[in-house]
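Me: I have a new structure open and would like a quick tour. Can you take me through it in short answers?

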Amino acid sequence: MSNNTAQAIFGGGCFWCTEAIFQDLKGVHHVESGYSGGHVKNPTYEQICGKETGHAEVIRITYDPAIISYENLLEVFWATHDPTTPNQQGNDKGPQYRSAIFYENEEQKSIAEKSLADTDASDLWPNPIVTEVSPLINYYPAEQGHQNYFKRIGNQNPYCTYVINPKVAKFKAKFGEKVK
């Protein structure tokens, strides 16, 4: 990566949902759906859904820290998924849907842990946050059919209509000044 970009890897449930939100943030250059946190090399979506690989569905965000900070990305992360439900987001259930932050270095770890503690102490969520904060030990891009899913498929898929559309609308209402 060049000197003017950084990356963040977050798991907040279905990567179609999180990808759709972070793609619309000012300062974000690219969002890629993938898998992280497991023990199987180059897993497939089918393997992930089998719940035996240990991987979470994640997104890898490439962003310009001069425009949007890691802290700002975390602020959006906390507000756009439920970090209090272990292995679940809405009707999506299983360890692949866990809330997770995979940090690349000690600075990201420190920022993520402070952000988690501050968010947990706030009134954003009534229940304790269960988000995993772990070192990035692996990352595998998801299959091409999962990339840019919401922008490509949109309302042709009922999941997009009933799950992703409301999340994106809530995000835009709350973070309007940060939307591209």
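**A quick tour**

Reply: Helix α3 (residues 70-79) is mostly covered, with 7 of its 10 residues buried. Buried means under 20% relative accessible area, exposed over 50%, and partly exposed in between (1.4 Å probe, protein chains only). Helices (H or I, at least four residues) and strands (E, at least two) are DSSP runs, numbered from the N terminus. This is a predicted model: local features need pLDDT of at least 70, side-chain atom pairs count only at pLDDT 80 or more, and totals for chains, interfaces and linings use all residues. Residues are numbered from 1 along each chain as its sequence is written, and side-chain values use heavy atoms, leaving out hydrogens and water.

Me: Which residues of α3 are buried?

Reply: Y70, L73, L74, V76, F77, W78 and A79.

Me: And which element gives the most to the largest nonpolar core?

Reply: First, the core itself. It has 42 residues, and F10, F22, I61, Y63, Y70, L73 and L74 touch the most other members. Among the elements that each supply at least two residues are β1 (6-12), α1 (15-22), β3 (56-63) and α4 (106-121). Helix α3 gives the most, with 7 residues. Apart from this core lies another, of 6 residues, among them V58, A100, F102 and Y139. A nonpolar core is a set of buried Ala, Val, Leu, Ile, Met, Phe, Trp, Tyr and Cys residues joined through side-chain atoms within 4.5 Å.

Me: What does I61 touch?

Reply: A6, Q7, A8, F10, F22, V28, H30 and L73, not counting residues up to four places away in sequence. Contact means heavy atoms within 4.5 Å.

Me: New topic. How many disulfides are there?

Reply: The count is 0. A disulfide here is a pair of cysteine sulfur atoms within 2.5 Å.

Me: What about pockets? What lines the largest one?

Reply: Its lining is G12, G13, C14, C17, D82, Q89, G90, N91, D92, Y159, V163 and K167. They divide into 4 nonpolar, 5 polar and 3 charged. Ala, Val, Leu, Ile, Met, Phe, Trp, Tyr, Cys and Pro count as nonpolar, Asp, Glu, Lys and Arg as charged, and the others, Gly among them, as polar. Helix α6 (residues 158-174) brings the largest share, 3 residues.

Me: What counts as a pocket?

Reply: On a 1 Å grid over the protein atoms alone, a pocket is an open set of points where a 1.4 Å probe fits, with protein on both sides within 12 Å along at least five of seven lines; lining residues have an atom within 4 Å of a point.

Me: Is R98 buried or exposed?

Reply: R98 is buried, with a relative accessible area of 11%. R98 lies in the loop between β5 (92-93) and β6 (99-103). Among its contacts are G11, G12, G13, H55 and E132.

Me: Last one. What is the phi of N42?

Reply: Positive, about 45 degrees, although N42 is not a glycine. Most residues other than glycine have a negative phi. N42 sits in the loop between β2 and α2 (45-49) and is exposed, at 58% relative accessible area.
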